[in-house]
Amino acid sequence: MKQVAFYQLTPSETEEHFLNIVFRFQVAKSGTIRLQLPIWRPGRYQAQHFSKNIPHVRAFDSAGEVIKLNKRGTSSWEFQGIKNQHVEVRYSYFAQQADAGGSVSNEEMIYVNFITCLMFVQGQEEISCEVNVDIPKVWKVSTTLKESKKGLWLAPSYRELVDSTFMASEEIIQHHWQEGDVHFWAEGIGPTSMFQGKLLEAYRQIAAYQLHWMGHFPVKEYRFLHWIKGEAFYHGVEHRSSTMMVLGPPDRDLYDDLIGLASHELFHVWNIATIRPMELWPYNYAEEVYFPTAWFVEGVTTYLGDWFLVASGVYRSDEYLASLLGNLKLHFERDGASKQSLIESSIDLWLDGYGKAIPGKRVSIYYKGAIVALALDLMIRKKFAHRKSIRDVMVLMNDRFGIKQQGYALADVYQMVEEVYEASLTNFWRIWVEGNDPLEGPLNELMSFVGLKLELSDRGLLLNQLDEDLNLDCQKWLQGIIK
């Protein structure tokens, strides 16, 4: 009989914000069985140790007898199992991390990022999973999981389960559209006024352009999920078939934040969920996983996520250039003199987290990484008169690694870019990725191709046009026409 793991999540009636969780499975082989809760989640390369939200774990056999568990680490428990033994694990989880990457349980809603709270048996990450979430019958649900019968949700494997989320509330706004054979939804909790024509049309344009630009979409369904909170907030998390975006408050104009975040997270369907570094294929949830290409994952996505806004027609050229300047400022005015390379800072995310490091140490893999992506795009466009661009790099990465489900190394990134560029770029990698030299001069040399120049003034960094109007190469770059 095919093995299936079963999970039941029930909001506690006696302890506020706690989820009572039952995990049932069958032992595949006699010996030491290790129960593991992930210590990190894809999309945030930092150990978060979700087990800090679990006060106690118990296990029982099919007769109700207690199975002795031995805690072996911050997030793992072991016991001696017997082949075909049925085991039920019971624990509670404090669900009050109210951002896009956490889990929340209260009287108004449940939002579960399954990777934060569902254990697995090490070695059984590929078996099918069933999930039941105990919610009021009148509540609506938004999830990428498939419902087999009322209240029972299925995932082909634990890996796919924890790359999914579950949102339920009495009122969830839902909009659906189709782009080719791909189904899209924009869903969320918040004021109805947030989900009106302008935002939905922008989502449609962005999605249509990205699908056409890459020529292949890895999934058949995708959901833009929202939680519009009452307080100031900005956070998004990517998943293979969805993104969760938590923003607020609703009395400010969230349009620019939403479309920028949505475009960024959508491109992660390719650039991490599909085109993935070898160190993350497959994901090891039990350990910190260091990889030197986090700048490529986040930097390229940051650059393209914003550029897609103008190329798809959602932004005007001046709006995009203002956004670009904002990102350039975040590097040059904050981290431009930092001592680390992009490779070092990619690894040290696990050490420093996403907050401030010590002064002058780390660069942002998002913003300096985006500058490298911008430089590559302009360099390729200049050499080939726009007949090639960074698009050729990403399509090639998808063909060689993504579609084949093979992980890439740093050397592969270099090779793919050089194959598109048709020349060695050893000096480029040494200066832009492996070094920490100032980039204002080299970047200005490339930006002059599109009639732009970075200048420092008493008002800070400025992005000026060399001519009164955008030059022809700048127009071609920003129009993003796909032949």
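## A tour of helices, domains and salt bridges

Begin at helix α2 (residues 197–214), where Arg204 and Glu201 both lie, three residues apart, about one turn of the helix; helices (H or I, at least four residues) and strands (E, at least two) are DSSP runs, numbered from the N terminus. The model is a predicted one, in which local features need pLDDT of at least 70 and side-chain atom pairs count only at pLDDT 80 or more, while totals for chains, interfaces and linings use all residues. Residues are numbered from 1 along each chain as its sequence is written, and side-chain values use heavy atoms, with hydrogens and water left out.

Stop 1: Display the side chains of Arg204 and Glu201, which meet in a salt bridge at 3.7 Å, N to O. A salt bridge here is a side-chain nitrogen of Lys or Arg within 4 Å of a carboxyl oxygen of Asp or Glu. Arg204 is partly exposed, with a relative accessible area of 30%, and Glu201 is partly exposed as well, at 38%. Buried means under 20% relative accessible area, exposed over 50%, and partly exposed in between (1.4 Å probe, protein chains only). By the salt-bridge rule the count comes to 22.

Stop 2: Select Asp348, Asp352, Lys361 and Arg362, which are linked in a network of salt bridges. Lys361 meets Asp348 at 3.2 Å, N to O. Lys361 lies in the loop between α6 (342–352) and α7, and Asp348 in helix α6, so the pair ties together parts that are 13 residues apart in sequence. Lys361 is buried, with a relative accessible area of 17%, and Asp348 is buried at 15%. Lys361 also forms a salt bridge with Asp352 (2.9 Å, N to O); Asp352 counts as partly exposed at 24% relative accessibility.

**Stop 3: domain 1 against domain 2.** Colour the protein by domain: domain 1 (5–169), domain 2 (173–209 + 217–268) and domain 3 (278–479), with bounds that come from an automatic or database domain assignment. The contact takes 22 residues from domain 1 and 21 residues from domain 2, contact meaning heavy atoms within 4.5 Å. The C-alpha centres of domain 1 and domain 2 lie 27 Å apart.

The area buried between domain 1 and domain 2 is about 1,700 Å², of which carbon and sulfur atoms give 60%. Buried area is the accessible area (1.4 Å probe) that two parts lose on being put together, summed over both. Select Ala100, Asp163 and Met167: they supply 28% of the area that domain 1 buries against domain 2, more than any other three residues.

The count between domain 1 and domain 2 is one salt bridge. For another salt bridge view, select Glu221 and Lys146, whose closest N and O atoms are 2.8 Å apart.

**Stop 4: helix α12.** Move to α12 (residues 472–479) and select its buried residues, Cys474, Trp477 and Leu478. Seen down the axis of α12, these fall within an arc of 90°, so they line one face of the helix; the arc is that of the directions from the helix axis to the C-beta atoms. The buried residues pack against α4 (294–311), α5 (317–332), α7 (367–384) and β22 (452–457).

Asn471 caps the N-terminal end of α12, with a side-chain oxygen 3.1 Å from the backbone nitrogen of Asp473.

Technical notes:
Polar contact = N/O pair within 3.5 Å; in protein donor to acceptor, adjacent residues only side chain to side chain.
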